[in-house]
Amino acid sequence: MTKIKLCGLSRPCDIETANELKPEYIGFVFAQKSKRHLTSEKAEELKKMLAPGIQAAGVFVDEKPQTVARLLNGNIIDIAQLHGNEDEVYIKHLRRLTHKPIIQAFRIGNASDVINAERSIADHILLDSGAGTGTAFDWNLIQSIKRPYFLAGGLEPCNVEKAVRILKPFAVDVSSGIETNGRKDKTKMAAFVAAARKGR
Ligand SMILES: O=C(O)c1ccccc1N[C@@H]1O[C@H](COP(=O)(O)O)[C@@H](O)[C@H]1O
């Protein structure tokens, strides 16, 4: 059954909404250049409010492995989402610092990107068009992928049901599609979760 990840939560009211909607994952963005960036102190405060059973992913872009491991081992996040140019060497280094799970994100522009993603040594792969840009990639490129994946990029309440029904991803991940004027929108979050569950 496709799981749901609501990413880029940054306010207590976003966590309250997530606790009501009960997605399997939420995401905190630690990428310095992101408009959704939050500090580790803020993330710690929000994590304490999060209902048990919802896992918090930390989104990183080329962050020091020590920083990622500190957040994982301190239980501020439960899973690391690597969304930059992190390679096998980086992942092996991170694995020496923590036993927590790792998601490696891949930008899918052609068939060889899909092959690279399938070969990842990370615990999970995430297929995206960019990095929180709200645009989708060509889903035809992943019709015959064998490995389970998080589907991201341009998902919205209006297209997620179809994505779940057709592609049957391990999880769907959304950020821009549940925002209004750069803030998470409770109505869109609820509509996204309902539509994703309808497609299961
Ligand atoms: O959300 C961000 O600001 C972000 C910054 C840097 C790397 C990844 C980021 N978000 C991730 O991007 C995808 C797709 O998001 P969208 O729905 O298209 O906006 C998702 O995995 C987010 O976790």
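**View A. Buried residues of helix α3 in the predicted model.** Helix α3 spans residues 65-73, and its buried residues are Pro65, Thr67, Val68, Ala69, Leu71 and Leu72. The elements that cover these residues include α2, β3 (55-60), β4 (79-82) and α4 (88-97). Asn75 follows α3 and has a positive phi, near 60°.

**View B. Packing of helix α1 against helix α2.** The axes of α1 (residues 12-21) and α2 (residues 40-49) come within 9 Å and cross at roughly 30°. Angles under 35 degrees count as roughly parallel, and α1 and α2 are therefore roughly parallel to each other. The crossing of α1 past α2 is right-handed. On the α1 side the contact is made by Pro12, Ile15, Glu16 and Asn19, and on the α2 side by Lys42, Glu45, Leu46 and Met49. By class, the residues of this contact comprise four nonpolar, one polar and three charged.

**View C. Surroundings of Phe28.** Beyond its neighbours within four places in sequence, Phe28 is in contact with Leu9, Ile15, Leu38, Ala43, Leu46, Lys47, Ala56, Ala57, Gly58, Val59, Ile76 and Ile77. Two of these contact partners, Ile15 and Leu46, also take part in the contact between α1 and α2.

**View D. The largest nonpolar core.** This core holds 54 residues, of which Leu6, Phe28, Leu127 and Leu151 touch the most other members. Helix α7 (residues 186-199) gives the most to the core, with five residues. Another core, of nine residues, lies apart from it and includes Tyr25, Ile79, Ile103 and Leu126. In soluble globular proteins, nonpolar side chains tend to be buried together.

Technical notes
Residues are numbered from 1 along each chain as its sequence is written. This is a predicted model: local features need pLDDT of at least 70, side-chain atom pairs count only at pLDDT 80 or more; totals for chains, interfaces and linings use all residues. Side-chain values use heavy atoms; hydrogens and water are left out. A nonpolar core is a set of buried Ala, Val, Leu, Ile, Met, Phe, Trp, Tyr and Cys residues joined through side-chain atoms within 4.5 Å. Buried means under 20% relative accessible area, exposed over 50%, partly exposed in between (1.4 Å probe, protein chains only). Helices (H or I, at least four residues) and strands (E, at least two) are DSSP runs, numbered from the N terminus. Contact means heavy atoms within 4.5 Å. Axes are lines fitted to C-alpha atoms, for helices over the stretch in contact, and angles run from 0 to 180 degrees between N-to-C directions. Angles under 35 degrees count as roughly parallel, over 145 as roughly antiparallel, 65 to 115 as roughly perpendicular and the rest as oblique. A crossing is left-handed if the near helix is turned anticlockwise from the far one by less than a right angle, and right-handed if clockwise. Ala, Val, Leu, Ile, Met, Phe, Trp, Tyr, Cys and Pro count as nonpolar, Asp, Glu, Lys and Arg as charged, and the others, Gly among them, as polar.
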